[in-house]
Amino acid sequence: MSTTVPSPTAPVIRVRGLTKVYGRGETAVHALRGTTLTVERGDYVAIMGRSGSGKSTLMNILGCLDVPTRGSYLLDGTDVSGLSEHQLSILRNRKIGFIFQSFNLIPRMTALANVELPLAYGGVKPAERRRRALAALDLVGLTERAGHEPNELSGGQQQRVAVARALATAPALLLADEPTGNLDSRSTEDVLDVLDQLSAAGRTIVLITHEDEVAKRTKRVIRLVDGDIVEDRGQ
Ligand code: ADP
Ligand code: MG
């Protein structure tokens, strides 16, 4: 594609010169040192780096859970700087599906009810909510477990419910922080297979991982060292 022709749609992520400084003066920690990054629709990206390299800081900013010290962030074409907490929470609900290391499912609520939750927050009517939640559970292969509560599911199944919950709102971006960090190798495979299928279906996925076997599956690997991107390669 020619670079002179503007893309018909904005990139999902467009960050320019992001810095994040925690604290001030002599004890200030420069967690990000001018990160510039573009993620296009359909990209599948692993962010890797040692503990303390700035991965969570970057994820929190990309997830609109924290704001940078300097720099700009356009999420799916929307400039997030200057938005209020309330506006950010609406943007998060509409644009981002989060997947956490510890699943973060609500106990004593069925898988189906868990998946419906972000749709309920988004104001989707009950019948439509149910239809979309069931479709999302079907995508992760858990139709048969829809009526089960988290403690009746394996770790891998719980994380697949969490993936369904992240998907249900049809977000522009799936953002996962160590999604297989709490899983055994078998469940890791199951969850990665689901993410691969979602990527193949055109979803945009950004995940943090320590594990080479996870990063091997993605289309692109970004490596952070001390708050700098030192490597960004397609594969
Ligand atoms: P990673 O997720 O790669 O382990 P982080 O983004 O959590 O890295 O941290 C990057 C750097 O910022 C580290 O030096 C860390 O100690 C520091 N840091 C992270 N969060 C805070 C905070 N809330 N206050 C002060 N320093 C922080
Ligand atoms: Mg971290």
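Colleague: Phe103 first: is this residue buried or exposed, and at what relative accessible area?

Modeller: The model is predicted: local features need pLDDT of at least 70, side-chain atom pairs count only at pLDDT 80 or more, and totals for chains, interfaces and linings use all residues. Residues are numbered from 1 along each chain as its sequence is written, chains are lettered from A and ligands numbered from 1 in the order in which they are written, and side-chain values use heavy atoms, with hydrogens and water left out. Buried means under 20% relative accessible area, exposed over 50%, and partly exposed in between, with a 1.4 Å probe and protein chains only. Phe103 is buried, its relative accessible area being 10%.

Colleague: Which phi does Phe103 have?

Modeller: Phe103 sits in the loop between strand 6 and helix 3, where helices (H or I, at least four residues) and strands (E, at least two) are DSSP runs numbered from the N terminus. The residue is not a glycine, yet its phi is positive, at about 65 degrees.

Colleague: Asn104 also has a positive phi; is Asn104 buried, partly exposed or exposed?

Modeller: Asn104 belongs to the loop between strand 6 and helix 3. Its phi is about 55 degrees, although Asn104 is not a glycine. At a relative accessibility of 37%, Asn104 counts as partly exposed.

Colleague: Which helix gives the largest share of the shell around ligand 1?

Modeller: The shell, taken as residues with a heavy atom within 4 Å, consists of Tyr22, Val29, Ala31, Arg50, Ser51, Gly52, Ser53, Gly54, Lys55, Ser56 and Thr57. Ala, Val, Leu, Ile, Met, Phe, Trp, Tyr, Cys and Pro count as nonpolar, Asp, Glu, Lys and Arg as charged, and the others, Gly among them, as polar; the shell has 3 nonpolar, 6 polar and 2 charged residues. The largest share, 3 residues, is that of helix 1.

Colleague: How much of the accessible area of ligand 1 does the protein cover?

Modeller: A backbone N or O atom of Ser53 is 3.2 Å from a ligand oxygen, a backbone N or O atom of Ser56 is 2.8 Å from one, and a polar side-chain atom of Thr57 is 2.5 Å from one. Accessible areas come from the Shrake-Rupley method with a 1.4 Å probe. Of the 560 Å² of accessible area that ligand 1 has on its own, the protein covers 57%.

Colleague: Why is helix 5 called largely enclosed, and how many of its residues are buried?

Modeller: What covers its buried residues includes strand 6 (96-99), helix 3 (111-121), helix 4 (126-139), strand 7 (173-177) and helix 6 (185-200). Among the buried residues are Gln158, Val161, Arg165 and Leu167. Helix 5 is largely enclosed by the rest of the structure because the buried count among its 13 residues is 12.

Colleague: How far apart are the end C-alpha atoms of helix 5?

Modeller: The expected span of a helix is 1.5 Å times one less than its number of residues. For the 13 residues of helix 5 (residues 155-167) that gives 18 Å, which agrees with the end C-alpha separation of 18 Å.

Colleague: Which backbone nitrogen does the side chain of Thr209 reach?

Modeller: Thr209 lies in the loop between strand 8 (205-208) and helix 7 (212-215) and is buried at 0% relative accessibility. Neighbours within four places in sequence aside, its contacts (heavy atoms within 4.5 Å) include Ala46, Met48, Glu178 and Val214. At 2.9 Å, the Thr209 side chain reaches the backbone nitrogen of Glu211.

Colleague: With which side chain does Thr143 make a polar contact?

Modeller: Thr143 is in the loop between helix 4 and helix 5 and counts as partly exposed at 40% relative accessibility. A polar contact is a pair of N or O atoms within 3.5 Å; within protein, one must be able to donate a hydrogen and the other to accept it, and residues adjacent in sequence count only if both atoms are side-chain atoms. At 3.1 Å, the partner of the Thr143 side chain is the side chain of Asp138.

Colleague: How far apart in space are Gly227 and Leu18, C-alpha to C-alpha?

Modeller: Gly227 is in the loop between strand 9 (220-225) and strand 10 (228-234), and is buried at 1% relative accessibility. Residues up to four places away in sequence not counted, Gly227 touches Ala31, Leu32, Arg33, Thr35 and Ser53. Gly227 and Leu18 are 209 residues apart in sequence, and their C-alpha separation is 9.9 Å.
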